Amino acid sequence: HGEPAEVARRGARGLDRALLIGLGDASGLPPSGWVDAGGYLMGQLMSRRIASAAVLVDCASGAPDPQSAAEIALGMTLRSYAYRRFKTRPSADNGNGNGKQAEPGEFVILCRHPEKAAEAWRRQQALGEGVMLARELVNEPANVLGPEEFAATAEKLRELGCEVEVLDEERMRELKMGSFLSVGVGSVRPPRLAVIQWWGRDKGRTRPVAFIGKGVVFDTGGLSMKPAKGMEDMKGDMAGAACVTGLMHALAARKAHVNAVGLIGLVENMPSGSATRPGDIVTSMSGQTIEILNTDAEGRLVLADVLWYCQERFKPKAMIDLATLTGAIIVALGKEHAGLFSNDDKLAERLLQAGLDTGEKLWRMPLDAAYDREIDSKNADVKNIGGQYGGAITAAQFLQRFVNDKAWAHLDIAGTGMASNRSEINEGWASGFGVRLLNRLVESHYEG
């Protein structure tokens with residue numbers, strides 16, 4: 001975007017000033033260009049403490065079409081988000097998401113066919129709400145958001161027409177989820193598994209598309225404890241579950257014509273006298289035994305049982321899990337792409353394209369039986385860590401052992417779900433990564 005120019009308009013009725021921003025050739029904008037443009041515009045308005053404005057986009061083809069206008073509004077909405085819950089005193093805010101600021105007033109976007117734009121905005125508004133819900137959950141401190149509190153947030157989706165049930169520790173024991181339960185035994189806060197169902201396509205409940213999220217509300221590493229430096233960021237180790245919750249909100253709020261289920265495994269990983277020890281062997285819901293060599297490789301233990309439960313109960317046409325799973329994916333891809341692992345080429349291609357369409361970019365990583373020897377255990381069916389190298393790959397290989405013949409994809413969002421690079425639509429710590437990506441996937445391939 002070009003450098004903005006501000007023009008004073010003294011005496012003009014109802015107009016204090018004009019802000020001119022160059023977009024270049026609008027026909028050359030990327031698929032997410034209008035969303036990014038809206039975010040950039042809102043950033044400029046916020047930095048000038050402008051709480052209301054009329055937005056005129058002057059393209060060679062005239063005013064933007066209804067969909068483009070709605071996407072501009074979405075970008076403005078996302079850029080306006082800041083986590084303010086615990087700010088008690090006003091402070092200067094330059095648009096970076098810190099401190100108190102005036103609540104936005106009214107923004108009017110001038111466009112062709114405003115009635116159609118309003119309908120397009122209804123869908124985009126629902127999507128924006130889902131992204132901001134995900135961000136809010138990731139930003140919450142762990143003393144406020146435990147497994148039970150997170151599950152209660154999921155239960156609020158009933159107001160939008162979702163069916164929500166929460167499995168407690170007793171029920172998970174009945175289901176023999178020994179892998180999942182091993183993660184939370186060191187914490188005084190009991191685990192929960194929230195199951196969110198949206199039957200928007202038909203009431204016959206044909207095979208849904210399933211989304212599974214890792215929801216470790218705080219991860220100390222357990223007895224394999226993490227270093228103190230940076231441990232505060234582990235409040236965001238539930239970004240996968242936050243994305244699934246935000247996505248289900250978006251689908252329900254816009255009345256998506258799709259059958260979808262979201263499952264979030266919620267647990268806290270703490271050290272104590274009752275915590276899982278390195279060397280312990282547990283039995284998963286699938287019946288496979290797992291030797292736990294490192295209690296800090298806990299997310300895969302949660303997902304192993306949730307993936308199996310999802311397959312057994314819902315027989316989904318596709319399963320996609322999201323998890324802040326490995327630091328190794330950040331070493332490989334930095335913070336620009338999330339890692340994509342999949343056993344199905346068609347699903348992988350669809351996800352890659354959805355990433356390009358939304359700017360929530362993915363990069364496909366290998367799955368190969370050659371890596372399995374890294375997680376073969378001499379004492380159990382599988383061990384929960386591999387060797388020194390390829391940690392993101394061996395983690396995905398571990399998960400694949402708990403997937404049958406279903407089309408499945410694993411998104412490792414450790415570099416993009418929290419503390420990610422700032423963008424035109426997000427200046428905060430939590431990005432809400434994955435909500436727009438998966439909403440686009442659903443729109444393009446599962447609605448109808």
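Is Ala-419 buried, exposed or partly exposed? Hi everyone, let me start with that one. Ala-419 is partly exposed, because its relative accessible area is 24%, and anything under 20% would have counted as buried. Please keep in mind that we are looking at a predicted model.

Let's stay with Ala-419 for a moment. You will find it in the loop that runs between β15 (407-412) and α12 (435-445). Its backbone is worth a look too: the phi of Ala-419 is positive, about 50°, even though this residue is not a glycine. For background, most residues other than glycine have a negative phi.

Where else can you see a positive phi in a residue other than glycine? Go to Lys-255, where phi is near 55°. Lys-255 also sits in a loop, this one between α7 (239-253) and β8 (259-269).

Now, on to a pair of helices. In general, two packed helices are described by the angle between their axes and the distance between the axes. Here, helix α1 (residues 33-47) packs with helix α2 (residues 66-80) at an angle of about 45°, and their axes are 6 Å apart. That angle is why α1 is called oblique to α2. The crossing of α1 past α2 is right-handed.

Who makes the contact? On the α1 side, the residues include Trp-34, Gly-38, Gly-39, Leu-41 and Met-42. On the α2 side, among them are Glu-71, Ile-72, Leu-74, Gly-75 and Arg-79. Sorting the residues of this contact between α1 and α2 gives 9 nonpolar, 6 polar and 2 charged.

Conventions:
Residues are numbered from 1 along each chain as its sequence is written. This is a predicted model: local features need pLDDT of at least 70, side-chain atom pairs count only at pLDDT 80 or more; totals for chains, interfaces and linings use all residues. Side-chain values use heavy atoms; hydrogens and water are left out. Helices (H or I, at least four residues) and strands (E, at least two) are DSSP runs, numbered from the N terminus. Buried means under 20% relative accessible area, exposed over 50%, partly exposed in between (1.4 Å probe, protein chains only). Axes are lines fitted to C-alpha atoms, for helices over the stretch in contact, and angles run from 0 to 180 degrees between N-to-C directions. Angles under 35 degrees count as roughly parallel, over 145 as roughly antiparallel, 65 to 115 as roughly perpendicular and the rest as oblique. A crossing is left-handed if the near helix is turned anticlockwise from the far one by less than a right angle, and right-handed if clockwise. Contact means heavy atoms within 4.5 Å. Ala, Val, Leu, Ile, Met, Phe, Trp, Tyr, Cys and Pro count as nonpolar, Asp, Glu, Lys and Arg as charged, and the others, Gly among them, as polar.
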